[in-house]
Amino acid sequence: MNNKVRKTVRYIFLFLLAAVLIFFAFREVRWAEFKAALKACSWGWIAASMFFGVMSFIFRGLRWRRLLLPIDPATSFRTCFNAVNISYAVNLVLPRVGEFARCGFVTARSAPDPSENGRRIASFDKVLGTAALERSSDLVAMASILGIFLVATWGRFGAFFMDKVLGTVATGFDFSSLWILAAAILCVGIFICFCALFRSRLSFLEKIIGFCKGLWQGFVSCVKMEKGWLFLLQTAFVWVSYWLMSYSVLHAVQGMDTAAIPEAMASCVENLSGLGPVDALFLMLVGSLSSILPVPGGFGAFHFMVAGAISYVYGVPFEFGMIFATLSHESQALLQAVCGGLSYLDESVRQTE
């Protein structure tokens, strides 16, 4: 099976996985009541959530540029911002591919390096290394926020994470996966030794080693980064934006016109009326954990986990939790598609200048 066929099969599998998750998430939804609830929500707060979504794009562009400056000082915020938006739009269709797409756009905007036979100053391998570092910083940030959150609110939310998150992971864990991990590490070690021994005899190994070096140079660009505290501050702003997005959607649900929805749903709105910033942070973290599944755009996985969390913790029906999840996810998916399209158009116009 060639590489193209493998990729096609992988994408088909991921789309099917997303479809299955969406089916199970929406299978018990009463669509008439669901539509009535969506119409009755406070759409001004949804607009606020989308505004904070744009702010997160801006802070991500600023943060990524800070990592790229040691590699190419001419990198502009406009390029980084457009690349981030385009990556989100691509990920809606092809999960994880957006990371490569944004690196390609930044590389294309970089000037040629006269000392390296036409290679770009910000070569793709180096740019990819900075993207990996940026994503790693988000993982560290999420783990840190989650750890602090659980310590501070264990009595209220700990049971959910034990039963629905750690319990699910423990149930699905198979010790044979340790052997697979050990075999993978061994293969990597053997490959590194092979490269070290035969790099002078096989030209393709030189190219692989050169790519890995560039990737590593991009990953450690933080060492040469000026004003590292700004990188940390921008990371904090990214996550504050995510938090405010969740809080805004929570307000949109709490502000529903209860006269326009069935009595059972109105009682759910009443149950959620006392929720505040801590609850919004909880729902944001649950949504962030759902991104671990590489389904297109997070469709299905986000809905299933967030609606399940609302039902488990707050005692409202799963169907009502789907309203919050749908408002959160689809408003941001629409925003990502629009911003990605506008950024692609902007980059296309720039190429003709």
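Me: Is L233 buried, partly exposed or exposed?

Reply: The model is predicted: local features need pLDDT of at least 70, side-chain atom pairs count only at pLDDT 80 or more, and totals for chains, interfaces and linings use all residues. Residues are numbered from 1 along each chain as its sequence is written, and side-chain values use heavy atoms, with hydrogens and water left out. Buried means under 20% relative accessible area, exposed over 50%, and partly exposed in between (1.4 Å probe, protein chains only). L233 has a relative accessible area of 36%, so this residue is partly exposed.

Me: Which nonpolar surface patch includes L233?

Reply: Like charges are joined within 9 Å, and nonpolar side chains (Val, Leu, Ile, Met, Phe, Trp, Tyr) within 5 Å. Accessible areas come from the Shrake-Rupley method with a 1.4 Å probe; for residues, only the protein chains shown count as cover. Here W229, L233 and F237 make a nonpolar patch of about 310 Å².

Me: How many helices and strands does the chain have?

Reply: Helices (H or I, at least four residues) and strands (E, at least two) are DSSP runs, numbered from the N terminus. The chain has 13 helices and zero strands. L233 lies in helix α9.

Me: How are W239 and Y242 placed in helix α9?

Reply: An α-helix has 3.6 residues a turn, so residues three or four places apart point the same way. Within α9 (residues 228–254), W239 and Y242 are three residues apart, about one turn of the helix. W239 counts as buried, at 8% relative accessibility, and Y242 counts as buried at 18%.

Me: What kind of aromatic pair do W239 and Y242 form?

Reply: Rings of Phe, Tyr and Trp (its six-membered ring) pair if their centres lie within 6.5 Å; planes under 30 degrees apart count as stacked, over 60 as edge-to-face and the rest as tilted. The whole structure holds 15 aromatic pairs. The ring centres of W239 and Y242 are 5.2 Å apart and the planes stand at 80°, so this pair is edge-to-face.

Me: Which residues of helix α10 are buried?

Reply: In α10 (residues 263–272), the buried residues are M265, A266, C268, V269 and L272. Seen down the axis of α10, they fall within an arc of 155° (taken from the directions from the helix axis to the C-beta atoms), so they line one face of the helix. Exposed residues E263, A264 and E270 are carried on the face turned away from the buried side of α10.

Technical notes:
Patch = residues over 30% accessible without salt bridge, like charges linked within 9 Å, V, L, I, M, F, W, Y side chains within 5 Å. Salt bridge = Lys/Arg side-chain N within 4 Å of Asp/Glu carboxyl O.
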